[in-house]
Amino acid sequence: IDYLDESGSVIYSGKGIRSVEPGIDDHVMVGGLRKPILNISAVAKIVEVVKRWKWGPDMETQLDKLQFTPNMTHIVQALKIIEDSDALLSLFRWAKRQPWYLPNDDCYVMLFDKLNLSREFDGIQTVFEEMVSDSSVNGMSSFGAYNRVLQYLAKAEKLEVTFCCFKKIQELDCELDTKTYNSLITLFLTKGLPYKAFEIYENMVKDGCSLDASTYDMMIPSLAKSGRLDVAFKLFQEMKEKNYRPSSGIFVSLVDTMGKAGRLDTAMKVYMEMQGFGLRPSGAMFASLIESFVKAGKLDTALRLWDDMKKAGFRPNYGLYTIIVEAHAKSGKLDIAMSIFSDMEKAGFLPTPSTYSSLLEMQAASGQVDNAMKLYNSMANAGLRPGLSTYTSLLTLLAKKKLVDVAAKILLEMKSMGYSVEVNASDVLMVYIKDGSIDLALRWLRFMGSSGIRTNNFIIRQLFESSMKNGLYESAKPLLETYVNAAARVDLILYTSILAHLVRCQDEVNERHLMSILSSTNHKAHAFLCGLFTGPEQRKQPVLTFVREFFQGIDYELEEGAAKYFVNVLLNYLVLMGQINRARCVWKVAYENKLFPKAIVFDQHIAWSLDVRNLSVGAALIAVVHTLHRFRKRMLYYGVVPRRIKLVTGPTLRIVIAQTLSSMESPFEVSKVVLRAPGDSVLEWFKKPIVQQFLLNEIPSRSEILMHKLNTLFPSSAPEIRSLSPPKPLLPGRGM
């Protein structure tokens with residue numbers, strides 16, 4: 001040993017005991033004494049070298065020259081003191097290359113703790129991979145280190161890295177603690193991946209890891225919000241059994257989701273339990289419950305919760321007011337709805353157009369004109385634009401109440417708002433028509449015309465028919481002209497209905513109006529009717545040929561019902577006008593065109609029959625005379641005599657047919673619905689000259705007598721309805 005002075009000169013030289021080999025000996029020599037190196041000294045020396053050299057070959061060279069052999073305890077303690085992440089990793093990797101290195105869970109835990117503090121998550125991932133390698137080679141137990149890695153990565157929201165590390169740890173069959181599982185669940189929930197969180201939760205249960213309060217606080221709301229209500233409620237019950245106190249968030253989520261799912265009993269049960277735990281429901285919970293009960297239609301319960309909410313000091317919000325007002329309005333509880341609506345206005349909330357509309361429409365539906373108009377005016381004053389349904393309800397109400405002027409004012413305001421008003425105006429017109437208020441309907445139509453509002457041809461036709469029904473022929477003609485000028489087609493049914501009015505008319509002035517209306521139809525049937533009453537010189541053809549030409553122009557596939565109706569009414573008219581021969585021609589051609597194919601039946605020699613149940617009175621009389629004439633011809637000229645002959649009249653036409661035939665002393669017996677006679681008796685009857693004259697020429701009855709019979713058979717209201725809306729097929733004997 002050389003002792004030197006300050007200038008470097010040797011003061012004294014002496015022999016030592018033995019030099020100490022660095023890295024081999026675990027002691028130092030103090031004079032001749034061997035002294036063991038203290039752990040604190042060793043750690044301090046290691047820390048000193050690392051802090052001075054940081055990293056690289058120089059640091060490793062200095063560590064190799066340590067005058068003692070380090071162990072894992074020294075390394076772990078040094079890692080606790082060193083703060084620099086690069087220095088930490090350099091020391092760790094130097095230690096791994098030493099022969100005395102042993103993989104140590106504490107070492108990894110300390111390393112991960114320090115790297116986490118330095119936010120060195122790439123370093124954590126690298127060390128984790130090295131740790132996995134050490135575990136597979138040396139079978140090291142790294143329970144603490146694995147949990148730390150997942151906790152730190154999850155907290156740092158390193159989603160993909162965390163999940164990858166979790167899968168690797170699962171492959172190593174390493175256990176994880178509750179805190180780690182909670183960290184993973186939190187991560188996936190934060191990232192909006194609830195189903196991955198549920199997967200972690202299922203792994204947690206599968207591994208037998210116990211759930212703590214934090215787990216329940218996370219899982220129950222998440223499961224509930226994702227729709228897995230049964231699992232959430234089961235965990236809620238389990239949590240209480242373990243004496244964990246549910247948080248307010250758990251109660252809120254369960255009440256909200258159970259209510260929205262329609263499980264209202266469970267929602268109320270949880271709500272009551274929350275109060276039992278001494279927790280105060282929030283305004284949001286009240287709002288959610290009330291909304292759920294309102295949507296389920298349980299308004300009484302919703303109203304009780306509404307009162308509880310206000311007693312608890314919470315102020316209902318705008319949306320809640322709107323929901324509860326509209327629900328009560330739509331359910332018909334207008335008093336409650338209007339009361340809450342008033343509170344809403346006092347609270348400073350401006351109701352939505354939807355709220356106004358629901359109230360106004362229900363007031364209109366219940367016939368409350370004053371209340372409906374107050375709401376409408378309030379809505380207008382608030383600067384809100386009523387919706388189409390609101391205007392429709394209000395106009396319908398005003399129409400039903402016959403407030404024409406008010407309805408006109410509202411319609412014009414609606415038009416000024418930019419709405420198309422033709423449909424609404426037409427709807428009001430239809431209300432008056434259906435109500436039979438024809439004067440009001442005509443007044444409304446004049447208003448529409450002056451305001452430039454058009455209606456459709458269907459409604460014009462309806463009003464025309466109603467005017468005809470009420471005998472307002474002067475008003476009806478302009479309506480028909482409007483209908484025709486709008487390129488609408490007057491069909492055979494409409495023409496026939498006008499002709500039916502003419503048949504029943506007994507006033508000369510009205511007859512002239514009706515003839516003018518018939519002329520305004522421009523229908524080919526009117527030209528035909530006029531032609532029937534002219535002579536053959538003007539027609540330039542026989543009447544039978546003329547009738548056949550007209551009926552050949554009818555499309556029977558489309559107009560068969562209308563043609564039957566026309567024949568019935570036309571025959572009534574011709575009979576009343578005394579035009580029997582013309583009437584017989586019309587019946588003959590109608591039968592030829594199979595309009596009444598089942599009217600006449602020849603059953604060989606057994607029975608011949610005529611069925612007139614589907615005919616009008618005039619048509620039935622003509623059919624009876626014409627058909628009996630045919631029967632007479634067959635029996636007298638061809639010698640064919642059936643066993644019996646039947647005239648099926650039905651109860652309505654039985655009287656008029658029987659009276660007509662009884663004047664000729666006919667052999668027909670009258671029953672409830674049929675006139676029948678043996679064929680031989682009818683044959684003898686046919687041989688009488690008076691019967692021949694009767695069947696060949698005219699019906700022996702004056703028109704006024706027949707008209708009296710018509711009015712007796714068909715009260716005034718019935719034929720009007722039948723004429724305006726002819727049934728298809730015609731009812732028995734009711735073809736006026």
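How far apart do the end C-alpha atoms of residues 247–281 lie, and how much of the span is helix?

1. The end C-alpha atoms of residues 247–281 lie 12 Å apart, and the span is 74% helix and 0% strand. Helices (H or I, at least four residues) and strands (E, at least two) are DSSP runs, numbered from the N terminus. Residues 352–386 are 74% helix and 0% strand, with end C-alpha atoms 10 Å apart.

2. This is a predicted model: local features need pLDDT of at least 70, side-chain atom pairs count only at pLDDT 80 or more, and totals for chains, interfaces and linings use all residues. Residues are numbered from 1 along each chain as its sequence is written, and side-chain values use heavy atoms, with hydrogens and water left out.

3. Lys-402 is not a glycine, yet has a positive phi of about 60°. Most residues other than glycine have a negative phi. Lys-402 sits in the loop between helix H21 (388–400) and helix H22 (404–416). Its relative accessibility is 38%, so Lys-402 counts as partly exposed; buried means under 20% relative accessible area, exposed over 50%, partly exposed in between (1.4 Å probe, protein chains only).

4. Asn-522 also has a positive phi, near 60°. Asn-522 lies in the loop between helix H28 (508–520) and helix H29 (524–532). Asn-522 is exposed because its relative accessible area is 62%.
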